[in-house]
Amino acid sequence: MVQVNGNYLKLKAGYLFPEIARRVRAFSEAHPDAPIIRLGIGDVTEPLPEACRSAMKAAIDEMGTPEGFHGYGPEQGYLWLREAVAQHDFVGRGCQISAEEIFISDGSKCDSANILDILGEGNRIAVTDPVYPVYVDSNVMAGRTGDADQAGRYGGLTYLPISAANGFAAQLPSEPVDLIYLCFPNNPTGAVATRAQLQAWVDYARAHGALILFDAAYEAFIQDPSLPHSIYEIDGARECAIEFRSFSKNAGFTGTRCALTVVPRGLMGTAANGEPVELWALWNRRQCTKFNGVSYIVQRGAEAVYSAEGLAQVKALVRFYMDNAAIIRRELTAAGLAVYGGEQAPYVWLKTPEGLDSWGFFDHLLGQAHVVGTPGSGFGAAGEGYFRLSAFNSRANVEEAMRRIRSL
Ligand SMILES: *Cc1c(COP(=O)(O)O)cnc(C)c1O
């Protein structure tokens with residue numbers, strides 16, 4: 001008999017989004033006329049920017065000519081895209097990141113999981129609680145954890161609780177860790193990190209020889225010009241951090257698929273014999289072996305994000321979602337709820353009303369307002385008593401959902 005990867009059997013059943021889908025299905029079968037509004041899953045809703053579509057159409061036509069045909073591209077991505085990224089996202093913000101250090105991929109969800117391929121089994125891993133579930137589950141699948149306890153916490157992981165009590169800013173670990181997942185602006189809480197807060201993480205990582213895995217998928221939603229968009233805006237980060245970025249949320253590429261990972265040259269890990277090893281070389285090897293690049297057409301679409309029209313269109317998209325977030329914040333506050341996030345991120349994180357836990361509030365909102373959100377407890381034990389609403393929706397749906405919640 002073929003053996004399965006037993007690590008998968010440690011994963012907690014009833015993953016968050018399937019359970020939400022199950023409850024919504026059951027509700028709409030019982031109430032087929034109830035007009036449900038989904039402010040749950042973190043997927044964008046607005047159409048692709050015109051600049052990206054034009055670039056992709058032109059690329060398709062190029063592919064139809066002998067001179068313009070492209071077969072396999074570089075595993076790391078085309079240089080013209082990596083140069084545009086380096087210039088606009090990093091050098092333009094004062095970060096010393098070159099095109100060579102950028103690896104184009106088909107998603108930062110997969111990159112943030114695949115990165116474990118090049119990291120050793122003995123690393124002690126820190127995640128916030130609540131957290132983007134991919135960081136935890138990919139470690140479970142890779143055999144880097146023990147079993148889950150009653151509360152759903154896996155043995156071997158260091159959980160750093162974030163809540164209103166600490167302003168959704170995790171304390172530095174009190175036990176030594178080697179790998180630290182940070183996501184700012186944060187999914188699910190919508191919190192951001194100041195320069196000083198990130199500096200404290202970088203200082204910790206350098207002092208302890210730890211690696212920060214920094215997820216900047218929502219950096220485009222930052223409104224406050226004093227907040228850092230990249231970990232590389234912080235002194236010393238090149239020596240201790242890998243950054244994940246994506247075109248999914250800023251440019252609406254969730255279905256088009258393009259992202260990137262930054263691995264600075266000279267960022268070192270350690271081999272079992274104590275020898276320093278460059279992580280860039282390992283990630284390059286990993287990508288060349290297991291990945292064949294993103295479609296030429298899609299990379300042309302991503303490149304157009306950095307054209308004058310593309311920049312303006314992405315800015316307008318972000319503005320649209322952030323105006324939704326402002327409406328959600330304003331209306332929930334008026335409804336007497338304690339709300340967090342939503343100012344530098346497309347997620348509003350709210351405290352559930354007295355007497356209702358996360359799933360209790362989910363059922364209440366679905367049953368009474370026909371609005372679907374995401375229970376905070378689905379992102380970790382410390383998310384219990386919180387609830388996430390997403391600003392990714394049409395203005396009409398957001399306004400209608402808020403009207404219904406106000407009248408509860
Ligand atoms: C949406 C999201 C991403 C982007 O994932 P892609 O695979 O690039 O679509 C990355 N990190 C977080 C926390 C996200 O919410």
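A search of the whole structure, a predicted model, turns up zero disulfides. A disulfide is a covalent bond between the sulfur atoms of two cysteines. Two cysteines show how the sulfurs are placed here.

Take Cys-183 to begin with. Its closest cysteine sulfur belongs to Cys-110 and lies 15 Å away, so the gap is too far for a bond. The cut-off for a disulfide is a sulfur pair within 2.5 Å. Cys-183 also counts as buried, because its relative accessibility is 7%.

Now turn to Cys-258. This residue is in no disulfide either. For Cys-258, the nearest cysteine sulfur is that of Cys-52, 10 Å away. Cys-258 has 1% relative accessibility, and therefore counts as buried.

Which side-chain atoms lie by the oxygen atoms of the ligand? An N or O atom in the Tyr-218 side chain is 2.6 Å from a ligand oxygen. A polar atom of the Ser-248 side chain lies 2.6 Å from an oxygen atom of the ligand. Asn-187 contributes too: a polar atom in its side chain is 2.8 Å from a ligand oxygen. How much of the ligand's accessible area does the protein cover? On its own, the ligand has 390 Å² of accessible area, and the protein covers 93% of that.

How values were computed: Residues numbered from 1 in each chain as written. Predicted model: local features only at pLDDT ≥ 70, side-chain atom pairs only at ≥ 80, totals over all residues. Heavy atoms only, no water. Polar contact = N/O pair within 3.5 Å; in protein donor to acceptor, adjacent residues only side chain to side chain. Areas by Shrake-Rupley, 256 points an atom, 1.4 Å probe, with all protein chains shown as cover. Buried < 20%, exposed > 50% of the residue type's maximum accessible area, 1.4 Å probe, protein only.
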